[in-house]
Amino acid sequence: MGFMKNLLSTLEPVLAKLPVTASIQLASGERIGPEHSAVQLIFRSPKALAALLDGQVGSVGSAVVEGWVDIHGKPRDIMAAAAVLLQGDPVQHRPTWLEQTVSKAKSLAMHTLSRDAEQIQFHYDLSDDFYALWLDPRRVYSCAYYKDQSMNLAQAQEAKLDHICKKLKLQPGERFWDIGSGWGGLIFWAAEHYGVQAHGITLSRNQYEYVQRRITEKGLQGQVKVELRDYRQMDGVQPFDKIGSVGMFEHVGSANLPEYFQTIYRMLKPGGLALVHGITAGGVGNAELGAGMGEFINRYIFPGGELMHVSRVLHDLAASRLEMVDTENLRPHYARTLWAWSDGLEAQMEPARAILEAQYDVDKAERALRAYRLYLAGCAMAFERGWIALHQMLCSKPDGDLQTGVMKGAQSSYPFNREYIYR
């Protein structure tokens, strides 16, 4: 306990630098900082207290999930404090050759067919009802597009779906493939508003069963199809006119990114367009956020998730012979989306607790709630500060015919003019 007291006194000048009032208390009752502060931390673990002093906010987050630290305060206040407590920049790590070699080996091991299915189900099959509490009515679990600043979350998600469909120049009767189709937001929007034949795939059993029910409810059995299938297992399926992949390549893994884009190339008709939308790293060398934040997300939220800088993603895209024709960074849109999700969960804490407790034991339910509260707010902070980003990359598969398209040499349906997207 004497060690804990010494650490506590060391943290006094740190608290003085925070943009919000904060207090740190030991289980014994000793405290620094005002009693009624905006952020209150109660420590039962010397290791967690030492991690806070060292700026390892992700490790402190893990201690919160495990119950070694109690945290009280509004998510925005907690994250404002966490950003200051960091030691250094969490994205400017330059990996050594050995680190790169080990990272590639780990990536290959993490992303086998069976491991990917397990990892996707770990996250997305937590509870459909839980996600429904704080997502929009379409359950679009990816960055919204606040085309108009007055939009609410539901409107911004519809704007995102339409933004993607417009970029892809979807036309009635076209065959459209959605890789990682989630709860079906994009395939339903594309089918109902653009008249395409939509084919989605997912590894989540909950999402698959939900979309199957919605297809029947909407009467879209002949137009929308969903399969429980891995993107690497598309043998026997004819190429598609257009392809979308939203929030997917983060799960693919660095080692498998070339195969992912080669699959898109193989499954896309010559002259067709594909849009890849996903989270990218803020730094060119880091595969995850530093200060323990990446470890926290990998352990509690997205096991097997890997982030790559947009330059690396575009490198592998180009190596597959796809041509990037437009790239858009929606980073602050994702910060706003995550804060909307965070606010939604905070407003539904008791129903969320009841849903999870009905499905799991009380301890697991509480751990999941603590993890998701920190994950949503922490990611919102990371997007605001540029530690991670969100890119939409539109690409074509050139057909080799210089006369295809509106301009000589276009070799695809892309007009090489962005006006059509915003018209």
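Student: How do the axes of α9 and α10 cross, and at what angle?
Tutor: In this predicted model, the axes of α9 and helix α10 (residues 185–194) come within 10 Å and cross at roughly 65°. Axes here are lines fitted to C-alpha atoms, for helices over the stretch in contact, with angles running from 0 to 180 degrees between N-to-C directions. Helices are DSSP runs of H or I with at least four residues, strands are runs of E with at least two, and both are numbered from the N terminus.

Student: Parallel or perpendicular, then?
Tutor: Roughly perpendicular. Under 35 degrees counts as roughly parallel, over 145 as roughly antiparallel, 65 to 115 as roughly perpendicular, and the rest as oblique.

Student: Left-handed or right-handed crossing?
Tutor: α9 passes α10 in a right-handed crossing. Right-handed means that the near helix is turned clockwise from the far one by less than a right angle, and left-handed means anticlockwise.

Student: Which residues meet there?
Tutor: From α9 there are E158, L161, D162, I164, C165 and K166, and they meet G185, L186, W189, A190 and Y194 of α10. A contact means heavy atoms within 4.5 Å.

Student: How many residues of α10 are buried?
Tutor: Eight of its 10 residues, so α10 is mostly covered. Buried means under 20% relative accessible area, exposed means over 50%, and partly exposed lies in between, with a 1.4 Å probe and protein chains only. The buried ones are G185, L186, I187, F188, W189, A190, A191 and Y194.

Student: What do they pack against?
Tutor: Besides α9, the buried residues of α10 pack against β5, β6 (197–202), α11 (205–218), β7 (224–228) and β8 (240–246). After α10 comes G195, which has a positive phi near 70°.

Student: Back to Y194. Why does Y194 count as buried?
Tutor: Because its relative accessibility is 18%.

Student: What does Y194 touch?
Tutor: Leaving out residues up to four places away in sequence, Y194 touches D162, C165, K166, L170, Q171, P172 and W189. Y194 and K166 are 28 residues apart in sequence, and their C-alpha atoms are 9.3 Å apart.

Student: Where is K169, and what is its phi?
Tutor: K169 is in the loop between α9 and β5 (175–179). Its phi is positive, near 55°, and K169 is not a glycine. With a relative accessible area of 24%, K169 is partly exposed.

Student: And R321, buried or exposed?
Tutor: R321 counts as exposed, at 58% relative accessibility. R321 lies in the loop between α15 (310–319) and β10 (323–329). Its phi is also positive, about 80°, although R321 is not a glycine.

Student: New topic. How many salt bridges are there?
Tutor: The structure holds 18. A salt bridge is a side-chain nitrogen of Lys or Arg within 4 Å of a carboxyl oxygen of Asp or Glu.

Student: Take E66. Which residue is its partner?
Tutor: E66 pairs with R367, and their closest N and O atoms are 2.9 Å apart. The pair links distant parts of the chain, 301 residues apart: E66 is in helix α4 (residues 57–66) and R367 in helix α18 (residues 362–384). E66 is partly exposed at 22% relative accessibility, and R367 is partly exposed at 26%.

Student: What about D128 and R139, buried or exposed?
Tutor: Both are buried. D128 and R139 form a salt bridge with the closest N and O atoms 3.8 Å apart.

Student: Which residue does E227 bridge to?
Tutor: E227 bridges to R229, with the closest N and O atoms 3.1 Å apart. E227 counts as buried, at 16% relative accessibility. Elsewhere, salt bridges that share partners join E350, R353 and E366 into one network.

Student: What about the whole chain: how many helices and strands?
Tutor: The chain has 19 helices and 11 strands. Of its 423 residues, 54% count as buried. Among contacts between residues at least 6 apart in sequence, 73% join residues at least 24 apart.

Student: What is the accessible surface?
Tutor: About 18,300 Å², of which 51% belongs to carbon and sulfur atoms. Accessible areas come from the Shrake-Rupley method with a 1.4 Å probe, and for residues only the protein chains shown count as cover.

Student: Which numbering and cut-offs apply?
Tutor: Residues are numbered from 1 along each chain as its sequence is written, and side-chain values use heavy atoms, leaving out hydrogens and water. Local features need pLDDT of at least 70 and side-chain atom pairs count only at pLDDT 80 or more, while totals for chains, interfaces and linings use all residues.
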